[in-house]
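Please find below a short note on the model under review.

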Amino acid sequence: MKPAIADGHVVTIHYRLTLDDGSIADDSFGGDPLTYLHGAHNIVPGLERQLAGKNVGDTLEVVVEAKDGYGEYDPTAEQTVPKTQVPPNVELKVGMSFQTRARTGQQMPVWIRAITGDNVVVSANHPMAGQRLNFKIEVKDVRRATNDEKKHGHAHGPGGHHHH
Ligand code: ZN
């Protein structure tokens, strides 16, 4: 008997993410499922919360509001910076993300939103910020995490992290 989904378990799911305009933003059905460590914030909080207690074989529709997904869209979180401020290992392409240091000294991800001449517009908004997320989920597997997985905060093995 497989355990129900709870903190400290490694969960494998198939998922389809549809936005309110009907576009499919991501879809694992027909490909490799996603394996993640439950309770470690590997997935958006609203989805993680609604998966708790579910079992292998369950299928469910989960609606996640923006604030419990990729966050509300913050128009003040955009900034135009010279291209020279983008780390050299980052491809200068719309949609690429990289880590930058906030004023507080904390690392935070930003996304390239536009490129104009010698400047790029970077945004701390996730590309799907402000969107309601509509998930179709099928729970494929649940197992207890290993000590290493708990220590690392992510799942290992197929569908999870691979260390080289
Ligand atoms: Zn690891």
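1. The model is predicted: local features need pLDDT of at least 70, side-chain atom pairs count only at pLDDT 80 or more, and totals for chains, interfaces and linings use all residues. Residues are numbered from 1 along each chain as its sequence is written, and side-chain values use heavy atoms, with hydrogens and water left out.

2. Four histidines hold the zinc ion at 1.9 to 2.1 Å: His152 through ND1, and His154, His156 and His163 through NE2. Donors here are N, O and S atoms within 2.8 Å of the metal (3.2 Å for Na, K and Ca). Their sequence spacing is H-x1-H-x1-H-x6-H. The arrangement is tetrahedral because the 4 donor atoms subtend angles of 99 to 124 degrees, the criterion for four donors being that all angles lie between 85 and 135 degrees.

3. Strand E8 (residues 119–123; strands are DSSP runs of at least two residues) has 4 of its 5 residues buried. Strand E5 (residues 78–82) pairs with E8 in the antiparallel sense over 5 bridges, where pairing requires at least two DSSP bridges. Strand E7 (residues 107–116) also pairs with E8 in the antiparallel sense, over 5 bridges. Val122 in E8 stands opposite Gln79 and opposite Ile112.

Notes: Tetrahedral: all angles 85-135°; square planar, octahedral: opposite > 155°, others 65-115°. Buried < 20%, exposed > 50% of the residue type's maximum accessible area, 1.4 Å probe, protein only.
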